[in-house]
Amino acid sequence: MIQIIFFCLMGISVYALDNGLAIKPPMGWMHWQRFRCVIDCETYPDECVSEDLFRKMADIMESEGYLNAGYNYIIVDDCWMDKNRANDNRLQADPIRFKSGMKSLGDYIHSKGLKFGIYGDYGTHTCAGYPGSLNYLELDAQTFADWGVDYVKLDGCYSDPDTMVEGYAAFGNYLNKTKRPMVYSCSWPAYQEPDGHEADYDALKKTCNLWRNWDDIDDSWSSVSSIIDWFTKHQDRLAPHSGPGHWNDPDMLIIGNYGLSEDQSKAQMAIWSIMAAPLIMSNDLRAMKTEFKNILLNKEAIGINQDALGIQGKLIASNKKVNLWTKPILPKVDGYFSQAVGLVSNRTDGFAYLSDFKLDDIGLDAPNGYTIQNIFENEKMYTIPPHGSISARVPPNGGVLLKLVPIPKKHL
Ligand SMILES: *[C@@H]1O[C@H](CO)[C@@H](O)[C@H](O)[C@H]1NC(C)=O
Ligand SMILES: *[C@@H]1O[C@H](CO)[C@@H](O)[C@H](O)[C@H]1NC(C)=O
């Protein structure tokens, strides 16, 4: 028994990627969900994928509090490249949309105190048809390092899923060889899981800091809720692989776009926080309504997401189509963890019904009860006695995020 435990502890320290990065779930902004592959800058001068777009987003991340709140990576997704490699075979940016080049864009992003992320693809082509890194893995890793890249998202279009475990590891070794610390975001499970193949999460942890497990997110509640469903259905298999330095990634936050109501936005923020998911926004920061911005900048929600334990919370109870997730967080009081509790209603019948969950039924057993705080509402903190109940009104398709801290024993 002792040997088994020893082996497991060894496994955690030795068999995970050790580049010192993504100790907490990465936070930032990425263009894909909102700006896609819009390359027609004549029709869409303010929205096309161009250096101007990223410079503007960098300005706003710095000036409007996103960077201060922790959103520090700005990540260029697909469609930044020229259709051809340069004469020396290096990747090159589109000469019109990124006329100053990627090194210059990276310098600008760094001048704002932000970090620079970029996109590549493990296959022959990117998903949108730009040059892929197959046969150029070492050169592309070095090119990214030369440009000052801090984060690489390596997609998996136009490649053979059976070669991904070795291929992604090879690219990871080349990243390491550059000596520049770069967060490594892998997409390979998203090419295996939808075909019914369970990805090798031990291999993922060895190679990557985070990985996209499943479908791309779209700008709708049905997309968000189908992603929540999938991660919930597979939570017992996925959650053990989440932790400091290595994270499951259910894809971008779409809060502030066209598709989610305010309550649905709270639900996405609540569940992404509980799941210790990367908080990568994809929205137009130039046109954010205050109510959405407040959700994204909510300090307590971010604190739950960034909790140092790095535990991926799980759905543990359902009551009349209201689902409840819990995530153990710090502080630990008299040996009992604090808990983040997320409630999401899967109802559509009009009314924010009151939902009750007994602490005893959800394993919250601190002997003196808990203080409880409703994160998105400015309600006063209140207390629940031991064996008491959580009750909250959860709007249809909406989410509530609660933080429960054990009440310490009285010192006599
Ligand atoms: C490269 O890998 C070694 C061994 O895991 C690690 O200590 C080092 O921090 C890595 N360097 C970079 C730049 O990722
Ligand atoms: C929500 O309801 C839909 C439709 O009834 C169902 O498919 C889905 O599994 C439910 N999600 C959860 C998390 O209960």
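**Exercise 1.** In what order do the six strands of the open sheet lie, and which pairing do they have?

*Solution.* The structure is a predicted model, and the steps below are to be read on that basis. Begin with the order of the open sheet, which runs E9-E10-E11-E16-E13-E14 with antiparallel pairing. Next, look to the two edges, where strand E9 (314–319) and strand E14 (382–384) each pair on one side only. From one strand to the next, the twist averages 30 degrees.

**Exercise 2.** Describe how strand E11 is joined to strand E16, and state which helix packs on the sheet.

*Solution.* Strand E11 (residues 336–345) pairs with strand E16 (residues 399–406) in the antiparallel sense, and six bridges span the pairing. For one position within it, take Leu343, whose bridge partner in E16 is Val400. Then turn to helix H12 (residues 262–274), which packs on the sheet by touching strand E10 (322–333), E11 and E16, and whose direction makes about 40 degrees with that of E16.

**Exercise 3.** Classify the crossing of helix H6 with helix H7, and list the residues that meet there.

*Solution.* First take the geometry: the axes of helix H6 (residues 137–146) and helix H7 (residues 164–177) come within 9 Å and cross at roughly 40 degrees. Because of that angle, H6 is oblique to H7. The crossing in which H6 passes H7 is right-handed. Next come the residues: from H6, Leu137, Glu138, Asp140, Ala141 and Phe144 meet Gly167, Ala170, Phe171, Tyr174, Leu175 and Lys177 of H7. Sorted by class, this contact of H6 with H7 comprises seven nonpolar, one polar and three charged residues.

Technical notes. Residues numbered from 1 in each chain as written. Chains lettered and ligands numbered in written order. Predicted model: local features only at pLDDT ≥ 70, side-chain atom pairs only at ≥ 80, totals over all residues. Heavy atoms only, no water. Pairing = 2+ DSSP bridges. Helix = DSSP H or I, 4+ residues; strand = E, 2+ residues; numbered from the N terminus. Axes fitted to C-alpha atoms, helices over the stretch in contact; angles between N-to-C directions. Contact = heavy atoms within 4.5 Å. Parallel < 35°, antiparallel > 145°, perpendicular 65-115°, else oblique. Left-handed = near helix turned anticlockwise from the far one by under 90°. Nonpolar A, V, L, I, M, F, W, Y, C, P; charged D, E, K, R; others polar.
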